[in-house]
Amino acid sequence: MKANVRTSWQVTRSVWSALFIREALARTTADRFAWFWMLAEPIALIVIMVGIRAVGNKLLNNIAGADYIGWSMLGLMGFFLYRECLNRSLGAIDSNKGLFNYRQVLPVDTVIVRCALEGLIKTIIFLIFIFLGAWLRFDFLPDDSMESIYVWCTLWMIGLASGMVFSVLNTLYTDIGRIVKICMLPLLILSGTLMPINYLPVDIQELLLINPLVHGLELLRQSFYSEYRMINGISFMYLNLWAIGLMALGLWLNIFFLKRLKTL
């Protein structure tokens with residue numbers, strides 16, 4: 001009897017499924033408060049920002065066309081989606097080295113699965129915030145649902161692509177991961193997550209527009225609040241080009257250094 005021969009896609013799907021279950025169990029059961037901390041961080045930051053607003057910061061009181069609490073929630077959730085995909089990817093290759101003895105498992109598979117799991121978790125938390133806000137009668141529902149889904153997925157893709165790049169670099173040069181984590185706090189501020197960028201001088205705005213996360217977060221907010229005034233220069237094309245460019249670079253690095261990644 002002739003044995004069934006599986007296609008490359010079937011093998012890849014099986015590898016991803018097994019890795020996904022393994023990562024999901026490790027992510028959600030390693031700490032009894034795992035789900036609590038996933039919700040607590042964005043809630044705490046939103047409460048802090050609302051507290052700042054209550055003190056009387058006029059800059060934060062005058063966000064044209066958007067509810068401040070929703071504006072803050074969208075910025076934080078969009079940034080956390082990117083940050084967690086990148087941070088979780090940094091150690092994906094090192095922590096799964098034993099699996100590379102199986103030729104079907106590639107280093108890039110571990111990064112893709114970790115980012116898929118993180119994207120799923122952050123999407124569930126995001127939906128919880130949206131429905132909870134709607135139940136409490138906050139203006140959290142998107143004006144353009146399809147655009148909000150598209151931007152959310154693009155932010156995830158940039159996080160995945162960045163993870164593919166820096167997971168390789170961190171495996172080859174271990175100090176890269178430390179530098180990336182140190183840069184997360186400045187990046188949080190420079191992405192317009194906590195403060196409206198359109199109140200900054202035009203010259204600074206133009207510099208900040210180099211950061212694709214600024215484009216992603218502003219577009220995400222605009223998809224929820226159609227009357228929200230984005231800063232000049234925000235572009236879907238620029239965001240997409242970053243996602244495609246980083247993805248191509250990440251795939252190239254994984255192919256070029258494949259043997260070293262499996263043996264290091």
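Rings of Phe, Tyr and Trp (its six-membered ring) pair if their centres lie within 6.5 Å, and the pair counts as stacked with planes under 30 degrees apart, as edge-to-face over 60 and as tilted for the rest. The model is predicted, so local features need pLDDT of at least 70 and side-chain atom pairs count only at pLDDT 80 or more, while totals for chains, interfaces and linings use all residues. Residues are numbered from 1 along each chain as its sequence is written, and side-chain values use heavy atoms, with hydrogens and water left out.

**Exercise 1.** Find which residues ring pairs link into a cluster with Phe 126, and classify the pairs.

*Solution.* By the ring rule the count comes to seven aromatic pairs. One of them joins Phe 126 and Trp 152, with 4.3 Å from centre to centre and 20° between the planes, and is stacked. Phe 126 lies in helix α6 (residues 107-135) and Trp 152 in helix α7 (residues 145-172), 26 residues apart, where helices are DSSP runs (H or I, at least four residues) numbered from the N terminus. Next, the rings of Phe 126 and Phe 224 have centres 6.0 Å apart and planes at 45°, so this pair is tilted. Phe 224 belongs to helix α10 (residues 212-224), 98 residues from Phe 126. Ring pairs therefore link Phe 126, Trp 152 and Phe 224 into a cluster.

**Exercise 2.** Decide whether Phe 126 and Trp 152 are buried or exposed, and do likewise for Phe 224.

*Solution.* Buried means under 20% relative accessible area, exposed over 50%, and partly exposed in between (1.4 Å probe, protein chains only). Phe 126 and Trp 152 are buried, and Phe 224 is buried too.

How values were computed. Helix = DSSP H or I, 4+ residues; strand = E, 2+ residues; numbered from the N terminus.
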